[in-house]
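The sequence and structure are shown below.

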Amino acid sequence: MTIGGCSIFMGAYAERMYGRMAQGKNGMQISEKRQQEMTARIAEAAAGLREGRTDRDSVSVSKEGRAWLCSEAALENMKDVETLFSNMYVENAQRQEELQQTDPDDPFWGNTGNQWLIFSQKLSDSGFYENMSDQEVKAMEHVLGRITGGMDGLSSVLYKTGLSFHVHGEAEENDAAGFNYLKETSGTLSLDLESSVAALQYFSETYISDEKLEEEFRGLIDQYELHNSRILEGYQSPSEKMQAFTADVYAGKYQGSALLHRYGQAAAGRSVEEREAGTYLGSVTHTDQEKENFKKESVLLFEQLKQGVSDWNTVWKRLEKTLVDYTSGNSQKESVRKEVMNQAASGFDRMQSYWSLLLGNGKKER
């Protein structure tokens, strides 16, 4: 669709809704009957707001009020709101154009805060959605949006893309499907990247029957993995940075730090056990071989999830153990392992949410 002179793809479902809305605006005339229908709906909605109240006031809209709702003045107010949203979309598109210059050959820089749109546009341009109902299109895009939510959330924060486009086509401050910027560590996000790659592969294997489109879609998955791997290189979450700083303080690197005094410790608002666990985690480092082993183990476990060779609970318990062992440097101290899972909780919730959506559907027929 074109907004503010910019061509912006906001999803196949949003494109459908926008096209119908645009058609409805052309030569729009509101009859007396339509005004009465609008009045009835407003009254019904207002009554619903009072369901929990004991003072059941009656709801009515005067003829003058009804006339205003359908007047040119009301339509002008709607146009002002549309202009505001149009500017938001255009500014976001301009920011994405700037980011695309990071690597013109990488399509995901063009929408790094909403990477699901890259996949959906490929499907849309290939006619994948043509014979689907509105709800089927919405469901497909909802799954894609959940799968890329973690990577979208990280990019939105790091590169200030600012908007999250949802299946219904509206933009809002990015919550990226449960992404927790402050807590989610580089290890959790690396696990989520492997999870999302496997989930996208499963999506392709399950829903795309056209071999050429499936091959192109899998090519996009490879680019998605490379794009986000580069973003994660050397990344540390705010919690990781704080843990590393705290570990340095207690190692004597910052003499006189407030953290060394009991008042500074109390101000941090954490128990002694939590502080000790965080300090320990801040001292853990990984060799290239350990990073590679963590990746291989993660890929293997998500493949088991895809193939159904291990049951749901078993796979997720193994994934939790893999992450905790890696992040903690194989520490067996309960407080340390508990702290790792506390930081990873939102990431596991997100991963399990989109896998539960995927695995609730059967595979395609070849």
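A salt bridge here is a side-chain nitrogen of Lys or Arg within 4 Å of a carboxyl oxygen of Asp or Glu. In this predicted model, Glu205 and Lys306 form such a pair, with their closest N and O atoms 3.3 Å apart. Across the whole structure, a search finds 15 salt bridges.

**Packing of H8 and H13**

- Helix H8, spanning residues 186-207, packs with helix H13, spanning residues 288-307, at an angle of about 35°.
- The axes of H8 and H13 are 10 Å apart, and the crossing of the two helices is right-handed.
- On the H8 side, the contact is made by Gly187, Ser190, Leu191, Glu194, Ser195, Ala198, Gln201, Tyr202 and Glu205.
- H13 contributes Phe294, Lys295, Ser298, Val299, Phe302 and Lys306 to the contact.
- By class, the residues of the contact between H8 and H13 comprise 6 nonpolar, 5 polar and 4 charged.

- Glu205 and Lys306, joined by a salt bridge, belong to helix H8 and helix H13 respectively.
- This pair links distant parts of the chain, its two residues being 101 residues apart.
- Glu205 and Lys306 are both buried.
- Lys306 counts as buried because its relative accessibility is 7%, the cut-off being under 20%.

- Glu225 and Lys295 meet through their side chains in a salt bridge, at an N to O distance of 3.2 Å.
- Because Glu225 lies in helix H9 (residues 211-232) and Lys295 in helix H13, the pair ties together parts that are 70 residues apart in sequence.
- Lys295, which also takes part in the contact of H13 with H8, has a relative accessibility of 29% and therefore counts as partly exposed.

- Lys306 and Glu303 are 3 residues apart in helix H13, so about one helical turn separates them.
- Glu303 is partly exposed, with a relative accessible area of 31%.

Methods: Residues are numbered from 1 along each chain as its sequence is written. This is a predicted model: local features need pLDDT of at least 70, side-chain atom pairs count only at pLDDT 80 or more; totals for chains, interfaces and linings use all residues. Side-chain values use heavy atoms; hydrogens and water are left out. Axes are lines fitted to C-alpha atoms, for helices over the stretch in contact, and angles run from 0 to 180 degrees between N-to-C directions. Helices (H or I, at least four residues) and strands (E, at least two) are DSSP runs, numbered from the N terminus. A crossing is left-handed if the near helix is turned anticlockwise from the far one by less than a right angle, and right-handed if clockwise. Contact means heavy atoms within 4.5 Å. Ala, Val, Leu, Ile, Met, Phe, Trp, Tyr, Cys and Pro count as nonpolar, Asp, Glu, Lys and Arg as charged, and the others, Gly among them, as polar. Buried means under 20% relative accessible area, exposed over 50%, partly exposed in between (1.4 Å probe, protein chains only).
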